[in-house]
Amino acid sequence: MVEVTVTPQSSLADRSVQIRVRGLSPSQLVTLRAWLKDEQGERFQSRVFFRADGAGEVDPGLHAALGGSYSGVWPMGLFWFLQPDTLFRRLVKRDVAGSPFRVRLEVFDGLCLGTDPQEQPLGSCEAERWYVGPGVQRVPIREGRVRGALFLPP
């Protein structure tokens, strides 16, 4: 059974997480895909190709990606290289305090280039990426023509 894990599962967006895939065959070629939908319903995704190590594991922090959205060792590359399905869209989090981005991580057998809904992942998990920590207070700022927000720690 293939298992995809993100540790910690819930974290601040500027913090590193560890992504691991276990239960693959040694040297198996797989596609690791991350995707999310923003607050307007636009989908952003990244996909990277890996070859499992001798123990049947993939760790983007240790193993070099063979291609896809990036190549080489990028521990947070699946998050950093998210691209929109629709051209000229930007990934922006508007409700920073109310909800996280929920990033779905999936692993597929072989090189998976398309977005065929019939294709079933070998394993998947979900990571929460928060933009405001617990207990942080958001204070709106309106002074003359200046608009902004002040975030106060607990």
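Modeller: What follows is a short exchange about a predicted model, starting with the chain and ending with one histidine, His-63.

Colleague: What makes up the protein chain, and in which order do the elements run?

Modeller: The protein chain holds one helix and eleven strands. From the N terminus on, the order is β-β-β-β-β-β-α-β-β-β-β-β.

Colleague: What are the spans of the C-alpha trace along its principal axes?

Modeller: They come to about 60 × 35 × 25 Å. The protein chain has 154 residues, and 37% of them count as buried.

Colleague: Where is His-63 found?

Modeller: His-63 sits in the loop between strand 5 (43–51) and strand 6 (67–68).

Colleague: Why is His-63 called buried?

Modeller: Its relative accessible area is 18%. Buried means under 20%, so His-63, at 18%, is buried.

Colleague: What makes the pair His-63 and Asp-53 a polar contact?

Modeller: The contact between these two side chains is 3.4 Å. The cut-off for a pair of N or O atoms is within 3.5 Å, and one must be able to donate a hydrogen and the other to accept it. The contact of His-63 with Asp-53, at 3.4 Å, therefore falls within that limit.

Colleague: Which residues does His-63 touch, not counting residues up to four places away in sequence?

Modeller: His-63 touches Phe-50, Asp-53, Glu-57, Val-58, Gly-72 and Val-73.

Technical notes:
Residues are numbered from 1 along each chain as its sequence is written. This is a predicted model: local features need pLDDT of at least 70, side-chain atom pairs count only at pLDDT 80 or more; totals for chains, interfaces and linings use all residues. Side-chain values use heavy atoms; hydrogens and water are left out. Helices (H or I, at least four residues) and strands (E, at least two) are DSSP runs, numbered from the N terminus. Buried means under 20% relative accessible area, exposed over 50%, partly exposed in between (1.4 Å probe, protein chains only). Contact means heavy atoms within 4.5 Å.
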